[in-house]
Amino acid sequence: MSFMKIVRFWVPAAILVGGVVLVIVRGGDETSLEGCAALWGAGLSVALLNWLHRIGVSGDSARAEEDAARAYFARYGKWPDEVPPRQGS
């Protein structure tokens with residue numbers, strides 16, 4: 001199991017489970033419910049930050065593809081996915 005999977009999935013899940021365990025151990029009193037809400041807020045925040053990070057990182061690959069296509073255009077004068085014109089139709 002990679003370190004990134006632990007950070008992306010297991011850390012938020014452990015925080016959420018911790019909130020539920022707190023309520024069970026303390027018997028569902030008001031303090032445990034407030035603690036559970038705080039832990040759930042923290043766990044969901046970690047999950048949201050992980051998701052936002054993944055969205056931001058995914059733009060890097062698109063940028064790299066565009067840079068490669070521009071380099072191809074500069075070298076050959078056409079885009080890599082451009083279909084050559086038909087000859088003599």
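A polar contact is a pair of N or O atoms within 3.5 Å; within protein, one must be able to donate a hydrogen and the other to accept it, and residues adjacent in sequence count only if both atoms are side-chain atoms. The model is predicted, so local features need pLDDT of at least 70 and side-chain atom pairs count only at pLDDT 80 or more, while totals for chains, interfaces and linings use all residues. Residues are numbered from 1 along each chain as its sequence is written, and side-chain values use heavy atoms, with hydrogens and water left out.

Q: Which backbone oxygen does the side chain of Asn50 reach?
A: Asn50 belongs to helix α2 (helices, H or I, of at least four residues, and strands, E, of at least two, are DSSP runs numbered from the N terminus). Apart from neighbours within four places in sequence, Asn50 is in contact (heavy atoms within 4.5 Å) with Val7, Arg8 and Pro12. The side chain of Asn50 comes to 3.2 Å from the backbone oxygen of Val7.

Q: Is Asn50 buried or exposed?
A: Buried means under 20% relative accessible area, exposed over 50%, and partly exposed in between (1.4 Å probe, protein chains only). The relative accessibility of Asn50 is 16%, so Asn50 counts as buried.

Q: What is the relative accessible area of Ser32?
A: Ser32 also has its place in helix α2. Leaving aside neighbours within four places in sequence, Ser32 is in contact with Leu22, Val23 and Arg26. A polar atom of the Ser32 side chain lies 2.8 Å from the backbone oxygen of Asp29. Ser32 is buried, and its relative accessible area is 1%.

Q: Why does the pair of Tyr72 and Tyr76 count as tilted?
A: Rings of Phe, Tyr and Trp (its six-membered ring) pair if their centres lie within 6.5 Å; planes under 30 degrees apart count as stacked, over 60 as edge-to-face and the rest as tilted. The whole structure holds two aromatic pairs. In the pair of Tyr72 and Tyr76 the ring centres are 4.7 Å apart, and the pair is tilted because the planes stand at 45 degrees.

Q: What is the angle between the planes of Phe73 and Trp79?
A: Phe73 is partly exposed at 36% relative accessible area, and Trp79 is partly exposed at 33%. Their aromatic pair is stacked, with 4.5 Å centre to centre and planes at 20 degrees.

Q: Is Ile55 buried or partly exposed?
A: Ile55 is in helix α2, residues 30-76. The relative accessibility of Ile55 is 48%, so Ile55 counts as partly exposed.
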